Amino acid sequence: MAKEPVRVLVTGAAGQIGYALVPMIARGVMLGADQPVILHMLDIPPAAEALDGVKMELVDAAFPLLKGVVATTDVAEACKGVNIAVMVGGFPRKEGMERKDVMSKNVSIYKAQASALEQYAAPNCKVLVIANPANTNALILKEFAPSIPEKNVTCLTRLDHNRALGQIAERLNVHVSDVKNVIIWGNHSSTQYPDVNHATVRTESGEKPVRELVGDDAWLHGEFITTVQQRGAAIIKARKLSSALSAASSACDHIHDWVLGTPEGTWVSMGVYSDGSYNVPAGVIFSFPVTCKDGEWQIVQGLPIDEFSRQKLDATGAELVEEKALAYSCLT
């Protein structure tokens, strides 16, 4: 028997990431090859014509799984009955702008969108925030959509997770699918901590620790971390545009694993509401290693944290507490 369609909202759908993301969703990359979808696409009024163009292309592509498209500039219409919300839209930092200016703009955007999701989304709607500052935008959304369970509001650090996998695979000249269990801790910012202490590589003689195979702690503590932290800026410098393709692909990975589950023995990185695990600040959206089953995530517990890692977790946690304070000051 055919499955009922899942309604998936993409905000900022006429932008670069949205344009890369909506065909992936329509093709089944996010929810599986047997799951029909109805796409809800939201953008701001100046982008209405471009949004109509994206809708035309979705129709022209004749995706078998795509059972309907809602393209609108009305936030209430966009949020009506959605099961999954991918929040790509936000106010980008422009030249000459202070961090507080960007935060202030995004606080008002995410407060309004949270209210619409609260009022119109389906019960148990799952939310993924991509727009930066992603962790704090997600926190604001959680605060202003109190009926959405706190476990259902997440932010994207899977892009950083996938970047870390890619860097290790390139360094060791192995397939990226053979590398697993890297971790992104903390904020989706330049303080994030890409951690390979628990990561392994599948070899002909079994799974081996990444640290042992790389055999270069200086690289793992230095260039590897900064490459992952600054990869987005490097792509903007090379492409003159942001990393839309990889962000869209990682958003699909995030939702896919959240809804359909992570493979046995594998964890992924997700920005989730912190309960204080690993002695990081509670009450912020913090990236942890998680496993997923039956549509629920669980933080992986009990991993040993060495002194180097402890300092990195404390630094990114402190930044998130500072961002939270800044965001809340914008509400008053």
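## Basis

The model is predicted: local features need pLDDT of at least 70, side-chain atom pairs count only at pLDDT 80 or more, and totals for chains, interfaces and linings use all residues. Residues are numbered from 1 along each chain as its sequence is written, and side-chain values use heavy atoms, with hydrogens and water left out.

## Aromatic pairs

Five aromatic pairs turn up in a search of the whole structure. Rings of Phe, Tyr and Trp (its six-membered ring) pair if their centres lie within 6.5 Å; planes under 30 degrees apart count as stacked, over 60 as edge-to-face and the rest as tilted. Tryptophan 185 and phenylalanine 288 form an edge-to-face pair, because their centres are 6.3 Å apart and their planes stand at 75 degrees. Tryptophan 185 lies in strand 8 (residues 183-185) and phenylalanine 288 in strand 13 (residues 285-293), so the pair ties together parts 103 residues apart in sequence. Strands are DSSP runs of E, at least two residues, and helices are runs of H or I, at least four; both are numbered from the N terminus.

Phenylalanine 286 and phenylalanine 288 make a tilted pair, with centres 5.0 Å apart and planes at 45 degrees. Trp185, Tyr278, Phe286 and Phe288 form one aromatic cluster. Buried means under 20% relative accessible area, exposed over 50%, partly exposed in between (1.4 Å probe, protein chains only). Tryptophan 185 is buried at 0%. Phenylalanine 288 is buried at 0%. Phenylalanine 286 is buried at 0%.

## Annotated binding site

An unreviewed UniProt entry lists "binding site" positions, among them Ala13, Asn106 and Ala131. Such annotations may be inferred rather than shown by experiment.

Alanine 13 sits in the loop between strand 1 (6-11) and helix 1 (16-27). Alanine 13 is buried, at 0% relative accessible area. Its contacts (heavy atoms within 4.5 Å) include Met41, Asp43 and Val54, leaving aside residues up to four places away in sequence. Alanine 131 occupies the loop between strand 5 (126-129) and helix 5 (134-144). Alanine 131 is buried, at 8%.

## Helix 12

Helix 12 (residues 307-331) has 25 residues. From first C-alpha to last, helix 12 reaches 37 Å, close to the 36 Å expected at 1.5 Å a residue. The expected span is 1.5 Å times one less than the number of residues. Buried residues of helix 12 include Leu313, Glu319, Leu320, Glu323 and Cys330.
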